[in-house]
Amino acid sequence: MAPLTLRGIEKRFGNTVAVQDLNLQVGDGEFFALLGPSGCGKTTTMRMIAGLEAPSAGRIQIGERDVTGLPPAERNVGMVFQDYALYPHMSVQDNIGYPLKVRGVRGPTYAERVSAVAEQLQLGPLLGRRPGQLSGGQQQRVAVSRAVVHHADVFLFDEPLSNLDAKLRLEARAFLKRLQRELKMTVVYVTHDQVEALALADRLAVMQGGVVQQVGAPLDVYRRPATTFVASFIGNPPMNLLPVTLESAGRWRCGDSLLRPHTPRPDLAGRSLTLGLRPEHLRPDPAGELSGEVLAVEPLGAETILMLKTAGETVAVRLPGEAEPPGSGRVTLQPEWGRAVLFDERGVRL
Ligand code: ATP
């Protein structure tokens with residue numbers, strides 16, 4: 001395995017800038033997720049790392065090698081696509097062994113490598129079948145086997161779990177993570193599913209419109225989002241974003257509520273900013289500072305989500321499942337001030 005470095009990467013398709021000034025460093029043996037909404041440039045980034053697309057500017061390095069100008073076959077990168085791209089006319093065994101065949105591995109070494117991987121991914125009894133005779137989860141394991149049978153320096157996974165149902169996806173997620181740890185794989189994993197990225201990645205990058213908004217460990221990004229975009233993209237329900245005007249006496253006005261933050265930031269007095277609070281960092285309290293109108297109560301079992309209207313915004317509050325939620329009408333909430341974040345007029349964290 002090897003580290004991967006992207007320096008000043010840009011990709012233009014005519015007038016469309018798909019990726020802009022991308023700088024990333026993925027460590028040796030690291031599980032790195034590229035996360036963002038549809039069209040943000042994730043797949044284009046993967047295709048450039050794989051060599052399927054040439055960057056308009058910038059350099060790509062795998063280990064000590066500059067691979068920017070190399071064709072895909074010379075990069076030593078393993079890939080798993082969303083649709084698995086298995087060969088339908090070949091058996092599972094031949095599908096898994098294909099990367100070895102094209103590299104001229106034959107005879108006992110070939111058979112040993114294929115059966116070792118099939119064993120590890122629990123595909124032993126299925127080696128004689130064709131992809132059409134497998135379940136979605138089994139096809140996914142064949143695609144992963146085919147990627148790992150050859151010892152690549154870097155593995156690229158492009159939404160590999162999106163065709164699986166919710167239960168299989170959970171199992172496949174745990175399985176992928178274990179495999180990555182066991183084989184100490186350097187992985188770049190593309191997803192638009194923030195739960196998947198948080199669950200799997202050692203670090204992640206959140207992209208929007210071809211630009212990386214933040215890179216960090218999942219919980220750091222969750223707790224301290226760099227922008228309001230990241231704040232609203234990560235977390236379900238997402239972070240509440242409330243308009244506040246900072247008054248000189250250290251009070252923050254938010255609709256008809258007057259807030260008393262622990263760190264009132266007199267240096268920012270007079271400015272109209274955005275206050276970010278996660279749904280679990282607001283709790284109903286008769287003496288609370290923020291008042292709102294109950295819109296809905298959603299009992300989800302393990303938790304109850306309370307939806308309120310305050311300062312013109314819809315606010316979500318996460319309560320334990322067994323808590324008695326307030327009824328209709330007005331309620332007051334107490335923010336956990338130690339957890340609050342403040343964003344400037346451009347949506348950048350202060
Ligand atoms: P999704 O999750 O929907 O796959 P994505 O984040 O992977 O989206 P990309 O496929 O990388 O996004 O696309 C980024 C941008 O580049 C989009 O605006 C897309 O329309 C554009 N784009 C991608 N490939 C091409 C191409 N071959 N020609 C022109 N524009 C392209």
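Me: Where does N76 sit, and how do you know that?
Reply: N76 is in the loop between β5 (65-66) and β6. Strands here are DSSP runs of E at least two residues long, helices are runs of H or I of at least four residues, and both are numbered from the N terminus. By the way, this is a predicted model, where local features need pLDDT of at least 70, side-chain atom pairs count only at pLDDT 80 or more, and totals for chains, interfaces and linings use all residues. Residue numbers start from 1 along each chain as its sequence is written.

Me: What makes the backbone at N76 worth a look?
Reply: Phi of N76 is near 60°, a positive value in a residue other than glycine.

Me: Why is N76 called partly exposed?
Reply: N76 has 17 other C-beta atoms within 10 Å. The cut-offs are 20 or more such atoms for buried and 12 or fewer for exposed, with partly exposed in between and C-beta atoms placed from the backbone. The 17 falls in between, so N76 is partly exposed.

Me: And A311, what is its phi, and where is it?
Reply: A311 has a positive phi of about 50° although it is not a glycine. Look for A311 in the loop between β17 (303-310) and β18 (313-320). A311 counts as partly exposed because it has 17 C-beta neighbours inside 10 Å.

Me: Is K184 buried or exposed, and why?
Reply: Exposed: K184 has 10 C-beta neighbours inside 10 Å, and 12 or fewer is what that label takes. K184 belongs to the loop between α5 (166-183) and β8 (187-191).

Me: What does K184 touch?
Reply: Leaving out residues up to four places away in sequence, K184 touches M1 and G29. Touching here is a contact, with C-beta atoms, placed from the backbone, within 7 Å. K184 and A2 are 182 residues apart in sequence, yet their C-alpha atoms are 9.9 Å apart.

Me: How do you know that β6 and β7 pair, and in which sense?
Reply: DSSP has to find at least two bridges between two strands to call them paired. β6 and β7 (residues 154-158) have 4 bridges, in the parallel sense, so they pass.

Me: Which way do the residues of β6 point?
Reply: V77 and M79 point one way from β6 (residues 77-80), G78 and V80 point the other way, and all are buried.

Me: What makes β15 and β18 edge strands?
Reply: The open sheet has 5 strands in the order β15-β19-β16-β17-β18, with antiparallel pairing. β15 (282-284) and β18 each have a single partner strand, so one side of each is left without a neighbour in the sheet. From one strand to the next, the twist averages 45°, an angle between N-to-C directions of axes fitted to C-alpha atoms, on a scale from 0 to 180 degrees.

Me: How many bridges join β16 and β19?
Reply: β16 (residues 290-299) and β19 (residues 330-335) pair in the antiparallel sense over 4 bridges, with G292 partnered by V331 in β19.

Me: How is the chain divided, and what does that rest on?
Reply: Domain 1 covers 4-224 and domain 2 covers 237-343; the bounds come from an automatic or database domain assignment. Their C-alpha centres lie 40 Å apart.

Me: What is the peptide bond from N236 to P237 like?
Reply: That bond is cis, with omega near -5°. P237 is in the loop between α8 (228-233) and β11 (240-246).

Definitions and conventions:
Contact = placed C-beta atoms within 7 Å.
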